[in-house]
Amino acid sequence: MKILVIGAGNMGLTYAEGMSKSKLLKKKNIMVLDNSEKKLEALNEISHFDAFKELGDCVPKADIIFIAVKPYHAENLFKALKGFTKPGQVLVSIMAGVNIDNIKKYSGLTKIVRAMPNLPAQIGKGLTSYVTSPEVSRIEKLTVESLLDTTGKSMEVSSEKLIDASTGISGSGPAYVFYFMQSMMEAALKMGFSKQDSTVLVSQTFTGAVELFNQSNLSPNSWMEKVASKGGTTRAALDSMEDNNVNELIKDAAFAAFNRAVELGKEN
Ligand SMILES: NC(=O)C1=CN([C@@H]2O[C@H](COP(=O)(O)OP(=O)(O)OC[C@H]3O[C@@H](n4cnc5c(N)ncnc54)[C@H](O)[C@@H]3O)[C@@H](O)[C@H]2O)C=CC1
Ligand SMILES: O=C(O)[C@@H]1CCC=N1
């Protein structure tokens, strides 16, 4: 089996690296294509990939093609790709908001997997939601799933709407966590801690809280109650968040990402 990854950016390279560890693939069976000279130079230094610049040199050889370019590059790429694809190839798109109908129309392929990963895939802790077009066979789906799993967990969803929704939760979600971390680090600095100590205080707090949550069956609300004493400091902070409607604002932000994914689907 030969895999081609188009777009050697954050996510494309993450998948290529993850899949290179898969037992499903023999060495040198991962081809990576990018149209940037700088990216190609870097790619040529990675000995376990075959690097390409021309679609015609690699697309016909691939069984599965991963598309990891930005959504606004999709249309041009697909137009160029169409001349080199073969009917049985499976196309996996990780682009936000590019829907299956458009992928079929532009690529000329019918076996489409639309996936939404997230950045922790870089360290094998990613979450990739995915949905397949009806033309993808069960065995092809299982093969793609095992490739997605090389970067963390995968989750099959029942509709493209849920791919857009997961973009608003898990795809963009790491940025919300970093936003919260940034605010807490700024507060720590303001309270008099050094930058280094602020970083340790905040990152260990996040790691500890998430581990605690993962190792239990309790809801976040139940854990909040365990931290907060009546009339104490945590209650003061949680009351401040409630008074400022932070809960609703976070939900609004997640929906803004969801809605933007739907909008991108109309643009691309
Ligand atoms: N960064 C993230 O956290 C996530 C990104 N995504 C999706 O992944 C996709 C890629 O995002 P990033 O990796 O962050 O972007 P990136 O900008 O890091 O990488 C895109 C790569 O595609 C290359 N490229 C552009 N047009 C090309 C073409 N016609 N042929 C070959 N290569 C081409 C660029 O040179 C670049 O190396 C996007 O569609 C995004 O929606 C999905 C989930 C999370
Ligand atoms: O911001 C974006 O559009 C992409 C999709 C999810 C994360 N990054």
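Reader: Which residue in strand 2 is the bridge partner of leucine 4?

Author: In this predicted model, leucine 4 has methionine 31 of strand 2 as its bridge partner. Methionine 31 also stands opposite aspartate 50, a residue of strand 3.

Reader: What makes strand 1 and strand 2 a pair?

Author: Two strands pair if DSSP finds at least two bridges between them. Strand 1 (residues 3-6) and strand 2 are joined over four bridges, in the parallel sense, and therefore they meet the requirement of at least two. Strand 2 and strand 3 also run parallel, with three bridges between them.

Reader: How do you know which way the side chains of strand 2 point, and are they buried or exposed?

Author: In a regular strand, side chains alternate between the two faces of the sheet. Strand 2 (residues 30-33) shows Ile30 and Val32 pointing one way, with Met31 and Leu33 pointing the other way. All of these residues are buried.

Reader: What is the order of the strands in the sheet?

Author: The sheet is open and has eight strands, in the order 3-2-1-4-5-6-7-8, with mixed pairing.

Reader: Why are strand 3 and strand 8 called edge strands?

Author: Strand 3 (50-52) and strand 8 (152-156) each pair on one side only, and they are the edge strands. From one strand to the next, the twist averages 25°.

Reader: What makes strand 7 and strand 8 a pair?

Author: The requirement is at least two bridges. Strand 7 (residues 126-132) and strand 8 have five, in the parallel sense, so they count as a pair. Across this pairing, serine 129 stands opposite methionine 155 in strand 8.

Reader: Which helix lies across strand 7, and at what angle does it run?

Author: Helix 7 (residues 160-171) lies across strand 6 (111-116) and strand 7 and runs at about 170° to strand 7.

Reader: How do you know that the residues of the UniProt "binding site" gather at one spot?

Author: The unreviewed UniProt entry lists Ile6, Gly7, Ala8, Gly9, Asn10, Met11, Ala68, Val69, Lys70 and Pro71 under "binding site". They span 66 residues in sequence, yet no two of their C-alpha atoms are more than 14.3 Å apart, so they gather at one spot.

Reader: Why is valine 69 called buried?

Author: A residue is buried if 20 or more other C-beta atoms lie within 10 Å of its own. Valine 69 has 23, so it counts as buried. Valine 69 sits in the loop between strand 4 (64-67) and helix 4 (74-81). Leaving aside residues up to four places away in sequence, valine 69 touches Ile6, Gly7, Ala74 and Leu77.

Reader: Why is asparagine 10 called exposed?

Author: The cut-off for an exposed residue is 12 or fewer C-beta neighbours. Asparagine 10 has 12 inside 10 Å, so it counts as exposed. Asparagine 10 lies in helix 1 (residues 10-20).

Reader: Which residues come nearest to ligand 1?

Author: Of the 27 residues around ligand 1, Gly7, Gly9, Asn10, Met95 and Ala96 come nearest. Helix 1 gives the largest share of the shell, three residues, and helix 1 and helix 4 each supply at least two. By class, the shell has 14 nonpolar, ten polar and three charged residues.

Reader: What makes the shell around ligand 2 three parts polar to one part nonpolar?

Author: Ala96, Thr167, Gly171 and Ser172 are the residues around ligand 2. Ala counts as nonpolar, whereas Gly is placed among the polar residues. The shell therefore has one nonpolar, three polar and no charged residues.

Reader: What is the helix content of the region that UniProt lists as a dimerisation domain?

Author: The unreviewed UniProt entry gives residues 160-264 as "domain: Pyrroline-5-carboxylate reductase dimerisation". Over residues 160-264 the chain is 85% helix and 0% strand, and its end C-alpha atoms are 13 Å apart.

Reader: Why is asparagine 245 called exposed, and what is its phi?

Author: With 11 C-beta neighbours inside 10 Å, against a limit of 12 or fewer, asparagine 245 counts as exposed. Its phi is near 60°, a positive value in a residue other than glycine. Asparagine 245 is found in the loop between helix 11 (233-243) and helix 12 (246-267).

Methods
Residues numbered from 1 in each chain as written. Chains lettered and ligands numbered in written order. Predicted model: local features only at pLDDT ≥ 70, side-chain atom pairs only at ≥ 80, totals over all residues. UniProt positions renumbered as here; feature names shortened; annotations may be inferred. Contact = placed C-beta atoms within 7 Å. Near = placed C-beta within 6 Å. Axes fitted to C-alpha atoms, helices over the stretch in contact; angles between N-to-C directions.
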